[in-house]
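Please read them with the structure open beside you.

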Amino acid sequence: MDFTVILQAGIASGTVLLFATIGELFSERAGVLNLGVEGMMLIGAMSAFSTTIATGNPWLGVLVAMLFAGLISQIHAFIVITLQADQVVSGLSLTFLGAGISLVLGEGLSKAGTVALLPDFSIPLLTLIPIIGKIFFTNQSILVYFGYLLVPLSWYYINRTRPGLHLRAVGEYPSAADALGINVFRMRYFYVFVGGMLAGLAGATISLAVSPGWFSELTTGGQGWIAIGLVIFAQWDPFRAAVGAYAFGALRRLILDIQGPLVLLGFANPFYYNPYLGFFLQMLPYLFTVVVLVIGSREAMRKRIGAPAALGNPYVRGERGK
Amino acid sequence: MTEQTSSTEQKLIIEMRGIVKRFPGVLANDHVDFKLLHGEIHGLLGENGAGKSTLMNVLAGLYRQEAGTILVNGEPKIFSSPRDAIKSGIGMVHQHFMLVPSQTVTENVLLGLDEPRFIMRLPDYDSNIAELGEQFGLKVDPRAKVWQLSVGEQQRVEILKMLYRGVDVLIMDEPTAVLAPQEIEGLFDTLRAMIAQGKSVIFISHKLQEVSAIADRVSVLRKGVATASGVASKGVSRQELARLMVGRDIIFALDKKPCQPGEIVLDVRDIYAENDKGLPALRGLSLNVRAGEIVGVAGVAGNGQSELSQVISGMRQCKKGQVLLGGDTVSNHSTLFGIQHGMAYVPEDRNHVGSAPNLSITDNIIMKKYRKSPILKNGLLDMKAATKLANELKQAYDIIVPNVSTPVRLLSGGNLQRVILAREISGLPSFMVAVQPTRGLDVGAIEGVHRLLLTQREAGAAVLLVSEELEELLSLCDRVYVIYEGKIMGEIMIKGEGHDEGLVDTIGQMMTGTPLDQIQKEGVVANG
């Protein structure tokens, strides 16, 4: 096995997680937990693929995916921001809604055959760097490169710009922001929309670049849930989110690839001969997500790892304190 | 200052005419008139619930009045948000600070402004804000995160926020409630610096001596009605102001019998504990309380008082050390264990920790008694006995409600506190810890709570009173410990009536981190 090849594919696979994680990060930084990432990703993957089949233009596919997923996210926004309902319940139902819609509209898409995909290319000069060049800058999809840009841009936006300052205030202490004339409701709608669009982009990245095609709910295979876990792991920081997303992308590839060869490092490959070991490996990312979510749901721990203080709480104007 | 108070020479900057503001069931402001002169500090006095904050929230654009007009420099204005009020030069510093804890001072000041447009070069603004602070004697590091700041520093950030927005009129809502005596002096200096630079200040307070000390003129509200409007503070006595506030003469001294301390009941030995964020809150704290005495814990809010009371009551684990109640270790046990050993607890948050808001008075009363007869009968609750008990306590503790099935969330602060005290005291505790038991209560209710605490002391119980009101501690307690950053700075005996300025000054120094032995050493050096 050539590990640089696995890592190269891992980066591509991690880009899916990256978009979804950064999107959820924006939403949570504004104080809205959206557990519907998986559903929005399915919407994105399905609409990107079917638009591309219909029009032959994958760029249009990406655009439609982002808009459609963003639109779906606004259902959640309306329920939790305007109607002030429980964010967990609404987010879960968004997952089911997204999955349902994409399965119905995606009926028959799996037999549609091949479509025009987004371009892959290498970056001149950078590709010459030993190992790094091969892993990060050789024959990657254009979306992977976009991911590299998104991380520092997101960090800069959140930490060094005026709208970023307002975003953080809205997630930490909405009444303080409101008292100074910031429209908390509008901001929260907007960032839930951003989260939806990036989840849609994550879906499009799967169906148009990383593993092209539509395989109903297996297309995303629970990556939306991993993204939610990664936001906690990342402690709401884009750079840490990138580290987590790429590490998990690489792990996913490794788990797939390690089960292939008959001989591993000179021994009979146990993962090939014992399928249960393979199942165990495949379970690991989800197990990790469960552990992170359990840790992240503890009130004391959330304060310690720096969760946005108002995360999960609806903002009601005129209530004292938070 | 006395020359300034002659109103004929000074320009009227704000005039509020016939302001009416209603809340469900309450007429908070009943045709109130209020006038602010340019360059004055105007004290706004009143009991809690008299409507002073409401009136000022109307002026600051947070509430909209139902009737009445606001004139700024003679022009009528309608404020639909605090932003409008700030544009007209009126800013308010609220009692509960509106600061984002995870952001820096500069970020908090810039929050909500149109400048900078997009990219923030924070270092540039840091120096602007430091300069502005210098100008008004508001020392605070612009790069510090708000959660790292003391409450006094946070208040300075709030003031800076308003000054940066260029307000001419600053409304301060109970600004001294959270400050140590030295910090209060600093605040007063800042307010005077603002006046000297042509600004005006409205100072809301229920503390008479402060208003007399700082204000040029005073207005008094009682039950939503202005009982005095713009009288010169020099020409009116404290007694007179008190009568205007309360509507009757209040007795400033409590009837307190000499202390007869008995055995040590509560013994806190060298405890260490963390706060919710996992940071050290208590670091090697020791204290004790004897039977028949009230012992106070003084300190500026957030120095470990909450954690201390939680460790004692069993609601928080301690890392090291132990709490002994009547010789038995109660720390790191359940709260039930403490209750069975005679512990009573009057928590800081009476709405959520002290009571279950949606349950009735009866349910709240029996919360510590349902395990035993007469409430427990054949393994079931005897609701008849419970109602009977609740009615008895309602009588005995003067809880004013139509009936005991009323959910406690509908009670006023004073009534709710009486329900909690009734529950705790009727269990005949050997020890009681009370945290801020009078916060937010009106003068009458405060008197009632004080009397109940003194009755406990006379009945031979040990009482630990945690409070941020120095006055309260000095008038009730036999001894006072001063807490600073989770450590005891020293212990002071309170001897009967009348406390001297030196004592307040010493406690003030301890509240800001100077241990008592150091103060005494320096005192000896200075005297010798």
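1. Domain bounds, as used below, come from an automatic or database domain assignment. For chain B that assignment gives domain 1 (3–246) and domain 2 (264–342 + 429–527). This is a predicted model, in which local features need pLDDT of at least 70 and side-chain atom pairs count only at pLDDT 80 or more, while totals for chains, interfaces and linings use all residues. Residues are numbered from 1 along each chain as its sequence is written, and chains are lettered from A and ligands numbered from 1 in the order in which they are written.

2. On overall dimensions, the C-alpha atoms of chain B fill a box of roughly 75 × 60 × 50 Å along the principal axes.

3. Chain B contains 17 helices and 22 strands, counted as DSSP runs numbered from the N terminus (helices H or I with at least four residues, strands E with at least two). Buried residues, meaning those with 20 or more other C-beta atoms within 10 Å of their own C-beta, placed from the backbone, make up 46% of the 528 residues in chain B.

4. Two residues are in contact if their C-beta atoms, placed from the backbone, lie within 7 Å. Among the contacts in chain B with a separation of 6 or more, 68% join residues 24 or more positions apart.

5. How far apart do the C-alpha centres of domain 1 and domain 2 of chain B lie? The distance is 32 Å, and 10 residues of domain 1 of chain B are in contact with 12 residues of domain 2 of chain B. The domain 1 side of this contact divides into 5 nonpolar, 4 polar and 1 charged residues (nonpolar: Ala, Val, Leu, Ile, Met, Phe, Trp, Tyr, Cys and Pro; charged: Asp, Glu, Lys and Arg; polar: the others, Gly among them).

6. Helices α13 (residues 413–425) and α14 (residues 443–458) of chain B have axes that come within 10 Å and cross at roughly 10 degrees, and α13(B) and α14(B) are therefore roughly parallel to each other (angles under 35 degrees count as such; axes are lines fitted to C-alpha atoms over the stretch in contact, with angles from 0 to 180 degrees between N-to-C directions). Residues making the contact include Leu421(B) and Ile425(B) of α13(B) and Val449(B) and Leu452(B) of α14(B).

7. Towards the other chain, 22 residues of chain B are in contact with 21 residues of chain A. Helices α2 (82–87) and α3 (105–110) of chain B each supply at least two residues of that side of chain B, which divides into 11 nonpolar, 6 polar and 5 charged residues.

Key. Parallel < 35°, antiparallel > 145°, perpendicular 65-115°, else oblique. Buried ≥ 20, exposed ≤ 12 C-beta atoms within 10 Å, placed from the backbone.
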